[in-house]
Amino acid sequence: MTSDHHDTLSPSSDNTDNAVRSEIQEYLTISQQRRWIFPRAALVGVCAGVIALLFRAALTSADAVRNALLSWAHGFPMLGWIFPMCLTMLGAGVSVAITRHYAPEASGSGIPHLEAVLHRFRKLEWRRVLPVKFFGGIVAIGSGLVLGREGPTVQMGGAVGDALSRWLKVPEGERLTLISAGAGAGLAAAFNAPLSGLVFVLEEVRRDFQPIVFGAAFVAAVIADIIARIGSGQFPVFAVPSYPVSPLASLPIFALLGIVAGLLGIVFNRSLVTTIEFYARLPDHLIVPAAALTGGIVGLTGWFSPLLVGSGHSLAELTLKGDLLLWSILLFFPLRFLLMMISYGTGAPGGIFAPLLVLGALIGLAIGQIVHHLLPDIVPIPAVFAVVGMAAYFTAIVRAPLTGIMLIVEMTGNYNQMLPLLVSCFCAYAVAEYLKDSPIYEALLERDLRRSSDAHMLKEPVVVEFTIQAGAPFVGLEVRSLGLPPGCILVRCSDGKREWIPKANTRLEAHMRITAVIAPEATNGLEILKRGCQA
């Protein structure tokens with residue numbers, strides 16, 4: 001670095017000096033290590049695929065046991081409801097207690113925590129996260145809570161990447177790449193959707209299109225998908241008829257579907273954050289009992305309709321085939337919505353992918369059936385809207401349209417609806433962005449960071465990464481002009497093609513990725529970097 005840069009952003013502790021040296025040494029050695037990244041990513045894919053396959057098999061068995069219990073309990077009409085209610089109460093209480101005691105970061109889907117790790121805000125303790133997520137997820141989802149297995153497989157895949165990188169003693173940058181690859185592998189194995197796993201890493205988890213990240217995620221996702229297909233078959237996740245191409249005259253209706261999905265996606269995001277805040281305000285000694293009570297409500301609902309509990313795979317297939325009447329959709333949607341909110345709010349290990357896809361399918365089928373009754377020539381097959389509704393709702397909530405489109409195409413094996421998918425997802429995305437609603441994982445990450453104050457995070461020097469968004473305050477500024485405090489120093493820049501150590505006169509540009517070391521005394525440096533890199 002130049003002396004000018006040192007004067008402007010000089011570290012003020014020995015710990016910061018050591019962190020800077022570590023970053024520079026990593027930069028100098030990483031090019032020598034990259035030739036091994038793809039074999040290592042393949043190994044991550046194998047391990048993540050095996051874990052996802054075992055997780056899926058365990059949940060399938062748990063669902064079978066729960067359904068058998070429900071069938072047996074219905075033989076006792078007066079008292080049978082007690083059994084499913086107690087089962088879900090026990091599952092919710094045990095899973096939340098285990099998670100809170102051993103690995104609080106394993107609660108929920110785990111994707112926001114994984115993103116915090118990749119931005120270097122958090123550490124990933126795979127020895128705790130992996131077993132708690134695996135067994136806690138089986139207990140929570142298997143007992144009937146309205147949660148999905150996909151979020152857990154993403155976090156477990158990331159934990160696998162972290163474990164192997166530490167075992168192989170790779171540099172920090174490559175470790176983060178292997179964590180990203182493991183996350184993509186987890187999603188690919190969960191949905192039999194390798195391209196979706198790849199795109200999800202690039203679009204949401206890492207937001208880094210460097211060739212090394214792309215290649216590692218691609219290799220891991222493909223290998224994990226192969227492992228999953230060996231164990232579970234090569235069929236799509238959802239059995240959907242091969243619907244013909246929709247008429248062009250129906251595109252305005254698909255646009256309407258996107259608008260409705262966008263509005264309801266905002267309701268979903270804000271309701272989920274509100275529910276989490278409600279449970280978080282409970283005294284510590286009441287959280288596990290509250291989770292058990294929530295499980296009891298979910299289990300009692302399952303006594304009346306098994307379709308309303310669990311991940312919702314059976315309900316999704318009925319919806320995608322168009323086998324639900326409009327009145328049943330109007331009943332199922334609010335009930336599934338409410339049950340999903342309170343299930344996730346408990347903090348039990350489980351994701352939102354599958355539940356939100358079910359809700360999106362219900363929205364699409366409802367609109368399809370309504371318009372079919374009014375304009376049967378324009379909407380000849382209402383169930384097509386259920387397929388498109390999943391992607392539109394996913395886009396509105398997660399704000400990852402490419403992942404949503406690829407996910408639905410790969411899960412259903414139906415490529416005929418590509419144009420309607422593009423139209424609906426664009427409208428859903430535009431509505432959510434126009435109303436300035438935060439994507440769900442970003443909102444959950446921001447909430448987590450707010451609850452952990454900067455002072456708590458900076459008890460020791462930390463290394464953080466940011467991507468400079470187009471239109472952000474830092475765009476076009478030199479490093480010397482950023483206003484960073486002493487002890488907050490930039491140590492690496494990357495534009496997707498090359499990496500270098502910045503100087504005082506280095507000019508920052510949009511989409512550039514920067515790495516900084518922040519000392520404990522530079523408490524406001526993190527906030528300055530956040531504001532400067534966001535549009």
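Is S180 buried or exposed? S180 is buried, with a relative accessible area of 1%, where buried means under 20% relative accessible area, exposed over 50% and partly exposed in between, for a 1.4 Å probe and protein chains only.

1. Basis of the note. This is a predicted model, in which local features need pLDDT of at least 70 and side-chain atom pairs count only at pLDDT 80 or more, while totals for chains, interfaces and linings use all residues. Residues are numbered from 1 along each chain as its sequence is written, and side-chain values use heavy atoms, with hydrogens and water left out.

2. Surroundings of S180. This residue belongs to helix 8, which covers residues 172–191; helices (H or I, at least four residues) and strands (E, at least two) are DSSP runs numbered from the N terminus. Leaving aside neighbours within four places in sequence, S180 is in contact with L118, V201 and R206, contact being taken as heavy atoms within 4.5 Å.

3. Four strands make up an open sheet in the order 1-4-2-3, with antiparallel pairing, and two strands pair if DSSP finds at least two bridges between them. Strand 1 (462–467) and strand 3 (499–500) stand at the edges with a single partner strand each, so one side of each lacks a neighbour in the sheet. Strands of a sheet pair through backbone hydrogen bonds, either parallel or antiparallel.

4. Pairings of strand 4. Strand 4 (residues 513–518) is joined by six bridges to strand 2 (residues 488–494), the two running antiparallel; R513 is the bridge partner of S494, V517 that of I489, and L490 stands opposite A516. Strand 1 also pairs with strand 4 in the antiparallel sense over six bridges, with F466 opposite I514.

5. Burial in the sheet. Six of the six residues of strand 4 are buried, so this strand is largely enclosed by the rest of the structure. Both of its faces are covered, with R513, T515 and V517 buried on one side and I514, A516 and I518 buried on the other. Strand 2 is mostly covered as well, seven of its seven residues being buried.

6. The hairpin. Strand 2 and strand 3 are joined by two bridges and run antiparallel, with C493 standing opposite W500. The two strands form a hairpin with four residues between them, and G496 in the turn has a positive phi of about 95°.

7. Helix 11 against helix 19. The axes of helix 11 (residues 251–280) and helix 19 (residues 440–451) come within 10 Å and cross at roughly 30°, where axes are lines fitted to C-alpha atoms, for helices over the stretch in contact, and angles run from 0 to 180 degrees between N-to-C directions. The two helices are therefore roughly parallel to each other, a label for angles under 35 degrees, with over 145 counting as roughly antiparallel, 65 to 115 as roughly perpendicular and the rest as oblique. In this contact N269, L272, V273, I276, E277 and A280 of helix 11 meet I440, A443, L444, R447 and R451 of helix 19.

8. L251. This residue also lies in helix 11, and touches L419, P420 and V423, not counting residues up to four places away in sequence. L251 and N414 are 163 residues apart in sequence and 18 Å apart in space, C-alpha to C-alpha.
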